[in-house]
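Student: I've got this one open on my screen and would like to talk it through. Can we start with the ligand and then move on to the helices?

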Amino acid sequence: MGASGYVGGELLRILLFHPKVGVTCATSRRYAGDYLHHVHPNLRGITDLKFMEQKPEDMVDRCDLVFSALPHGSAVKAIPYYVERGMKVIDLSADFRLKNPEDYQKWYGYEHPHPNLIERFVYGLPELHREEIKNSSLVACPGCMAIASILALAPLVKGNIIEKERIVVDVKIGSSGAGVTPSPATHHANRFGVVRPYKPVGHRHTAEIEQELNSIGESKVKVAMSSHAVNMVRGILSTCHTFTLRPLAIPDLWKLYRGSYQKEPFIRLVRDRKGLYKLPDPKIVIGTNYCDVGFEVDEHVNRVVAFSAIDNLVRGAAGTAVQNMNIMLGIDEKTGLESPGLYPV
Ligand SMILES: NC(=O)c1ccc[n+]([C@@H]2O[C@H](COP(=O)([O-])OP(=O)(O)OC[C@H]3O[C@@H](n4cnc5c(N)ncnc54)[C@H](OP(=O)(O)O)[C@@H]3O)[C@@H](O)[C@H]2O)c1
């Protein structure tokens with residue numbers, strides 16, 4: 001559902017080459033009856049599938065699993081029909097991410113119409129919830145800025161080495177993060193060349209970052225987040241400033257990060273002495289499901305800066321959604337996701 005959007009397009013790109021998946025329906029209100037490649041030109045010659053209107057009865061007959069790439073507020077209206085009929089659902093909106101129903105009013109400005117469904121959804125971050133995802137048929141994928149920031153910070157929170165109430169998250173994101181519908185803010189003349197603080201305080205993803213970091217640490221965290229629109233189409237760099245409880249050295253941090261991520265197929269620790277890319281850079285992960293994570297110590301103020309870079313449409317959305325599907329279905333979780341991306345791009 002929502003197959004004409006940017007996330008929908010990425011889902012199709014990945015799923016059409018997935019050896020265990022057949023794509024049977026792709027919904028769009030605006031483009032029903034039109035070929036997919038008229039909207040997603042990179043799919044020309046790959047499939048003859050056409051967009052269709054959302055027809056729930058028909059979809060229940062033709063699908064085992066639904067990905068919803070609808071905006072928040074719309075997903076919550078469409079999804080219960082499929083849940084009630086026992087289908088597997090992977091939602092990419094924010095509608096089932098937050099565990100406390102009251103948080104929807106606070107952060108998204110609406111009263112959640114199905115609070116009883118929230119607890120049935122697992123927060124779809126494999127690095128934190130792999131076992132729950134395995135045993136679930138309903139997954140809420142994380143927000144793109146949230147996933148990058150949580151993965152950068154989780155080892156520090158788990159290790160109990162930082163001041164948990166003084167975490168500053170600074171995110172830079174490309175224009176595709178705003179979705180396919182144009183607005184004055186995304187118009188080329190206004191968007192090109194910017195480094196624009198667009199949500200200096202109160203970003204909605206703060207809620208899920210705190211929710212997830214609280215679930216792994218011994219005490220409550222407080223996250224101060226600011227986000228910037230920068231001159232990229234894809235990509236997120238999350239720069240997370242934390243202050244340590246005692247002086248720390250680089251080997252301590254390697255130990256923490258390796259301990260958390262050594263076996264993770266889609267996390268690469270990047271802290272190199274040589275080469276151009278000594279720390280994570282979104283340019284290197286574009287088109288991939290990797291999250292590159294790195295860190296630096298600032299002895300001057302006992303600060304650890306944790307960095308992470310992702311492609312917002314892949315690791316930040318469609319890639320993680322397919323990884324969740326693989327885990328749910330008992331397929332090797334790397335299936336369909338192993339491309340290393342392009343260099344140079
Ligand atoms: N962009 C990202 O980087 C990113 C990352 C992670 C998660 N997400 C989340 O993933 C979802 C999709 O994001 P996106 O960037 O792909 O958005 P998008 O480009 O705006 O696409 C959403 C699609 O949903 C359909 N739609 C819009 N309003 C609808 C409504 N009221 N009812 C039914 N269908 C509707 C539209 O298709 P038709 O008009 O053709 O029907 C549209 O193409 C959102 O919830 C977003 O927050 C986005």
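**Ligand first, then helices**

Student: Which residues are closest to the ligand?

Tutor: Keep in mind that this is a predicted model. Counting residues with a heavy atom within 4 Å, 25 residues surround the ligand. The closest of them are S4, S28, R29, L70 and V180.

Student: Are α1 and α12 parallel or oblique to each other?

Tutor: Their axes come within 9 Å and cross at roughly 45°. Angles under 35 degrees would count as roughly parallel, and this pair is therefore oblique.

Student: How many charged residues are in the contact of α1 with α12?

Tutor: On the α1 side you have V7, E10, L11, R13, I14 and L15, and they meet residues of α12 including V314, A317 and M325. The contact divides into ten nonpolar residues, one polar and, for the charged ones, two.

Student: What about α7 and α10: at what angle do they pack?

Tutor: Helix α7 covers residues 144-158 and α10 covers 250-261, with their axes 9 Å apart. The packing angle is about 115°. That makes the two helices, in a word, roughly perpendicular.

Student: Which residue of α7 is the charged one in its contact with α10?

Tutor: The α7 side brings I150, L151, A152, A154, P155, L156 and K158, while α10 brings L253, L256, Y257, S260 and Y261. Ten of these residues are nonpolar, one is polar and one is charged.

Student: Which residue has a positive phi although it is not a glycine?

Tutor: Look in the loop between α7 and β5. The phi there is about 50°, and the residue is N160.

Student: And which two residues does a cis peptide bond join?

Tutor: Go to the segment after α12, where P344 lies. Omega is about -5° at the bond, and the pair is Y343 and P344.

Terms used. Residues numbered from 1 in each chain as written. Predicted model: local features only at pLDDT ≥ 70, side-chain atom pairs only at ≥ 80, totals over all residues. Heavy atoms only, no water. Axes fitted to C-alpha atoms, helices over the stretch in contact; angles between N-to-C directions. Helix = DSSP H or I, 4+ residues; strand = E, 2+ residues; numbered from the N terminus. Parallel < 35°, antiparallel > 145°, perpendicular 65-115°, else oblique. Contact = heavy atoms within 4.5 Å. Nonpolar A, V, L, I, M, F, W, Y, C, P; charged D, E, K, R; others polar.
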